[in-house]
Amino acid sequence: MDLSDFLDGEEPISYEKAREYFSRDPSQRWAAYVAGTILVLMKELGIRFENSISMLVSSAVPEGKGVSSSASVEVASMSAIAAAHGLNISPRKLAILCQKVENHVVGAPCGVMDQMTSACGEANKLLAMICQPAEVLGLVDIPDHIRFWGIDSGIKHSVGGADYKSVRVGAFMGREIIKSIASTCLSPSSSSNNGANHDEPEEYSMELLEAEGSLDYLCNLSPHRYEALYGKMLPESMYGDVFLEKYVDHHDPVTVIDKTRNYGVKAAARHPIYENFRVQAFKALLTSATSDDQLTSLGELLYQCHYSYSACGLGSDGTDRLVQLVQEVQHGKASKSAEGTLYGAKITGGGSGGTVCVIGRNSLRSSEKILEVQQRYKAATGYMPIVCEGSSPGAGKFGYLRIRHRKPSKQTLSANLQ
């Protein structure tokens, strides 16, 4: 493509025009993940590119498996372009810019987690972060006795799919309804306090309601507060036109409500509230004393996460089957031979297919049980799933390799001619 395709006169084109540009030919739509980084740098940082850019893209990250293939190619592309043009962009800033590529150029309403791990992650460590919008809380070492595997279900996943978008819309709708309930409870005319717990000191209750009335992120609402007041008042689902009539807007910059669609609200809103608690508990358990109870609890958290995500409508037959096979290995009739090996599993990424993450003890016997799951899945589905494990440093830690073309000397040329 010509760099001038990204210009409207002297200014960069809009993101909407860029989406249209890359959508003209479905076979070329993938280029949005790469060339989109150029437009984002132009729009967000005011960079202008005068010379041509040639890029060779090579990736070992499996595509469409729910393991951040799109984020990895965005981060790698932008890192290379920045290094070649002398741009000093911090890993965190790079991740946020790459999220804009996905949200605005590709048109997928993903969060920033995948880009942050691709940019800020380190080998053999988990990245503790909070997406508000993208803050790294630290890195957590994976203990030597714990091991993670990824098992591919063979079902292609996409965050651009309708299911992921509708669940995101449902979550944002749920947040607005929760804020509205809190604000109603604060109203002097709400004599019954709308079901709030009257045993709480009034000042304490009012302070909580005020915070919940301006809730920015669902994960900032604790599970006990959700259960105490909001869980029983959230609708299971709601049509887009009904929501818009009552609440006007869901305040999500990257999705639009379809008036004719019935969105799941309760499960979508509940998931991030409990998921945040599960993540905090998982982090605390990783740093606790080594024991079988530790691994059992870590595995249980993965199972809970899987079923919570599936309740939102983001599960699939393949990923559910893999999780069930891990459970059968752990708890089935033949579980005596598998004691102390595999402890839990969950769907990863945007859901609706993709890869399942399995946690287990770091041992040869655990690896044998993973192979057993792999073989049993093939017997049931006809598909031999790919198993992956291990980790590598993100772009911030890895840096970049600069290749310089060196002209051959006259002596070398003479030798070649001979």
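**First stop: a charged network**

Select Glu328, which counts as partly exposed at 31% relative accessibility; here buried means under 20% relative accessible area, exposed over 50%, and partly exposed in between, with a 1.4 Å probe and protein chains only. The model is a predicted one, in which local features need pLDDT of at least 70, side-chain atom pairs count only at pLDDT 80 or more, and totals for chains, interfaces and linings use all residues. Residues are numbered from 1 along each chain as its sequence is written, and side-chain values use heavy atoms, with hydrogens and water left out.

Helices (H or I, at least four residues) and strands (E, at least two) are DSSP runs, numbered from the N terminus. Arg376 is partly exposed, with a relative accessible area of 32%.

Remain in helix H13 and select Lys369 and Glu372, which are 3 residues apart and thus separated by about one helical turn. Glu372 forms a salt bridge with Lys369, their closest N and O atoms being 3.1 Å apart. Is each of these two residues buried or partly exposed? Glu372 is partly exposed, at a relative accessible area of 27%, whereas Lys369 is buried, at 12%. Salt bridges that share partners join Glu328, Lys369, Glu372 and Arg376 into one network.

**Second stop: the domains**

Colour the chain by its domain assignment: domain 1 (3-140), domain 2 (142-161 + 315-389) and domain 3 (163-185 + 207-309). These bounds come from an automatic or database domain assignment. The C-alpha centres of domain 2 and domain 3 lie 26 Å apart. Their contact (heavy atoms within 4.5 Å) takes 28 residues from domain 2 and 19 residues from domain 3.

The area buried between domain 2 and domain 3 is about 2000 Å², of which carbon and sulfur atoms give 64%; buried area is the accessible area (1.4 Å probe) that two parts lose on being put together, summed over both. Highlight His145, Tyr343 and Lys346 in domain 2, which lose the most area to domain 3, together 26% of what that side buries.

**Third stop: a bridge across the interface**

How many salt bridges does the rule find across the interface of domain 2 and domain 3? The rule finds 1. Now select Asp292 and Arg361, whose side chains meet in a salt bridge at 3.5 Å, N to O. Asp292 is partly exposed, with a relative accessible area of 39%, and Arg361 likewise counts as partly exposed, at 25%.

**Last stop: a lysine in helix H6**

Finally, select Lys179, found in helix H6 (residues 162-186). At 19% relative accessibility, Lys179 counts as buried. Display its surroundings: leaving aside residues up to four places away in sequence, Lys179 touches Glu212, Gly213, Ser214 and Leu215.

Key. Salt bridge = Lys/Arg side-chain N within 4 Å of Asp/Glu carboxyl O.
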